[in-house]
Amino acid sequence: MASTPLFSVLINNHNYGQFLRTAIDSALAQQASTFEPGAIEVVVVDDGSTDSSSEVMTSYGDRIVSISKPNGGQD
């Protein structure tokens with residue numbers, strides 16, 4: 001990613017692993033079709049999921065910023 005993205009896409013997640021890949025792919029597709037590489041930063045915040053969410057996040061490597069935290073809801 002570029003050192004200074006134009007904007008960030010934030011995806012909040014808790015046990016929505018079945019939908020997470022679609023959400024991430026959609027955000028990454030916006031970058032590919034509309035902006036120069038590195039213009040969009042995709043940040044996924046997982047709120048203590050117990051499903052396949054962490055595996056989905058890990059599969060994207062450094063194409064996304066993954067943040068995992070214990071379940072606590074949105075503050």
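Predicted model: local features only at pLDDT ≥ 70, side-chain atom pairs only at ≥ 80, totals over all residues.
Residues are numbered from 1 along each chain as its sequence is written, and side-chain values use heavy atoms, with hydrogens and water left out.

**Architecture**

The chain contains 2 helices and 3 strands, arranged from the N terminus as β-α-β-α-β. Helices (H or I, at least four residues) and strands (E, at least two) are DSSP runs, numbered from the N terminus.

| Element | Residues |
|---|---|
| β1 | 7-13 |
| α1 | 17-34 |
| β2 | 40-47 |
| α2 | 53-58 |
| β3 | 65-69 |

The 3 strands form an open sheet with parallel pairing, in the order β1-β2-β3; two strands pair if DSSP finds at least two bridges between them. β1 and β3 are the edge strands, each pairing on one side only. Neighbouring strands of this sheet are turned by 20 degrees against each other on average, direction ignored; the axes are lines fitted to C-alpha atoms, for helices over the stretch in contact, and angles run from 0 to 180 degrees between N-to-C directions. β2 and β3 pair in the parallel sense over 5 bridges, and V44 stands opposite S66 in β3.

**Core and contacts**

The largest nonpolar core has 12 residues, among them I11, L28, V44 and Y60. Such a core is a set of buried Ala, Val, Leu, Ile, Met, Phe, Trp, Tyr and Cys residues joined through side-chain atoms within 4.5 Å. α1, β2 and α2 each supply at least two residues of this core, and α1 gives the most, with 4 residues. Beyond its neighbours within four places in sequence, L28 is in contact (heavy atoms within 4.5 Å) with V42, Y60 and R63. Among contacts between residues at least 6 apart in sequence, 67% join residues at least 24 apart.

**The loop residue S49**

S49 lies in the loop between β2 and α2. S49 counts as buried because its relative accessible area is 19%. Its side chain and that of D46 are joined by a polar contact of 2.5 Å, a term for a pair of N or O atoms within 3.5 Å; within protein, one must be able to donate a hydrogen and the other to accept it, and residues adjacent in sequence count only if both atoms are side-chain atoms. Leaving aside neighbours within four places in sequence, S49 is in contact with N13, H14 and N15.

Conventions: Buried < 20%, exposed > 50% of the residue type's maximum accessible area, 1.4 Å probe, protein only.
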